[in-house]
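Biologist: Could you show me how to read a structure like this one, feature by feature, with the general idea given before each case?

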Amino acid sequence: MNPEKLFEESYERVIGSGVGMTEKGDAFFTRFYEIFLNSSVKVAEKFANTDMAGQIKMLQKAMFQLISFYLLRSSGDYLHEIATSHSKVRHDIDPEFYDLWLKSLIQTVCETDPEYTPELKLAWEIVMSPGILYLKHHYDLQDSHGASPS
């Protein structure tokens with residue numbers, strides 16, 4: 001199994017290729033948020049007053065950053081900003097939300113990729129998990145330099 005190849009092929013099937021948002025990608029991210037917002041009352045409450053069209057655009061950028069983190073093994077400025085903005089002292093995105101986020105993402109892939117298999121699920125988890133761990137790590141950090149609270 002080559003997880004990168006499986007992921008790349010699936011990503012193209014469910015979201016499309018290229019930088020711009022495709023009709024397929026728009027439908028994918030819309031469905032993702034339907035699943036994610038229904039995954040927990042806490043999630044629904046956190047997103048209650050959110051501009052979802054803007055959120056979908058941010059998610060598209062964040063997905064690219066998570067994929068880049070997996071491939072390059074380093075965070076760019078945008079992923080670091082997401083991590084610090086989601087920290088406890090800023091937007092307070094509880095680390096458990098990331099588990100629900102990944103589960104919702106996998107459910108969306110399952111529903112939209114006609115070639116979905118357990119191996120494909122694992123490929124998505126392998127690619128997304130390093131960036132998610134990075135985001136979780138920053139939850140309790142108080143500043144952009146990674147200093148822990150005293």
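Modeller: Let us begin with two terms: contact means heavy atoms within 4.5 Å, and helices (H or I, at least four residues) and strands (E, at least two) are DSSP runs, numbered from the N terminus. This is a predicted model, in which local features need pLDDT of at least 70 and side-chain atom pairs count only at pLDDT 80 or more, while totals for chains, interfaces and linings use all residues. Residues are numbered from 1 along each chain as its sequence is written, and side-chain values use heavy atoms, with hydrogens and water left out.

Biologist: What should helix H4 span, and how far apart are its end C-alpha atoms?

Modeller: The expected span of a helix is 1.5 Å times one less than its number of residues. Helix H4 covers residues 52–72, so its 21 residues should span 30 Å at 1.5 Å a residue, and the end C-alpha atoms, 29 Å apart, agree with that.

Biologist: Which residues of H4 are buried, and which helices are among those that cover them?

Modeller: Buried means under 20% relative accessible area, exposed over 50%, and partly exposed in between, computed with a 1.4 Å probe on protein chains only. In H4 the buried residues are Gln55, Ile56, Leu59, Gln60, Ala62, Met63, Leu66, Ile67, Phe69 and Tyr70. Their cover includes helix H1 (3–14), helix H2 (23–37), helix H5 (77–85), helix H6 (95–112) and helix H7 (118–137). As one case, Ile56 of helix H4 counts as buried because its relative accessibility is 11%; the C-alpha atom of Ile56 lies 9.9 Å from that of Phe28, although 28 residues separate the two in sequence.

Biologist: What is found at the start of H4, and what follows H4?

Modeller: For the start we need the polar contact, a pair of N or O atoms within 3.5 Å, where within protein one must be able to donate a hydrogen and the other to accept it, and where residues adjacent in sequence count only if both atoms are side-chain atoms. A side-chain oxygen of Asp51 comes to within 3.3 Å of the backbone nitrogen of Ala53 at the start of H4. Asp51 itself sits in the loop between helix H3 (41–46) and H4, and Asp51 is exposed because its relative accessible area is 56%. From Asp51 to Leu71, which is 20 residues away along the chain, the C-alpha separation is 30 Å. After H4 comes Arg73, which has a positive phi, near 60°.

Biologist: Which residues touch the most other members of the largest nonpolar core?

Modeller: A nonpolar core is a set of buried Ala, Val, Leu, Ile, Met, Phe, Trp, Tyr and Cys residues joined through side-chain atoms within 4.5 Å. The largest one here has 38 residues, and Met63, Trp101, Leu105, Trp124 and Met128 touch the most other members. At least two residues of this core come from each of H1, H2, H4, H5, H6 and H7. Leaving out residues up to four places away in sequence, Trp101 touches Phe32, Phe36, Leu59, Met63, Leu66, Met128 and Ile132. On the helix H7 side, Ile132 is buried because its relative accessible area is 5%, and with the same exclusion of residues up to four places away Ile132 touches Leu66, Tyr98, Trp101 and Leu102.

Biologist: At what angle do the axes of H1 and H2 cross?

Modeller: Two packed helices are described by the angle between their axes and the distance between the axes. Axes are lines fitted to C-alpha atoms, for helices over the stretch in contact, and angles run from 0 to 180 degrees between N-to-C directions; under 35 degrees counts as roughly parallel, over 145 as roughly antiparallel, 65 to 115 as roughly perpendicular and the rest as oblique. The axes of H1 and H2 cross at roughly 95° and come within 7 Å, which makes H1 roughly perpendicular to H2. Glu12, Arg13 and Val14 of H1 make this contact with Lys24, Gly25 and Phe28 of H2. H1 also packs with H7, at an angle of about 100° and with the axes 8 Å apart, so H1 and H7 are roughly perpendicular to each other.

Biologist: Where is Ser85 placed, and what does its side chain reach?

Modeller: Ser85 belongs to helix H5, whose buried residues pack against H4 and H7. Ser85 counts as buried because its relative accessibility is 11%, and its side chain reaches the backbone oxygen of Ile82 at 3.1 Å. Neighbours within four places in sequence aside, Ser85 is in contact with Arg90 and His91.
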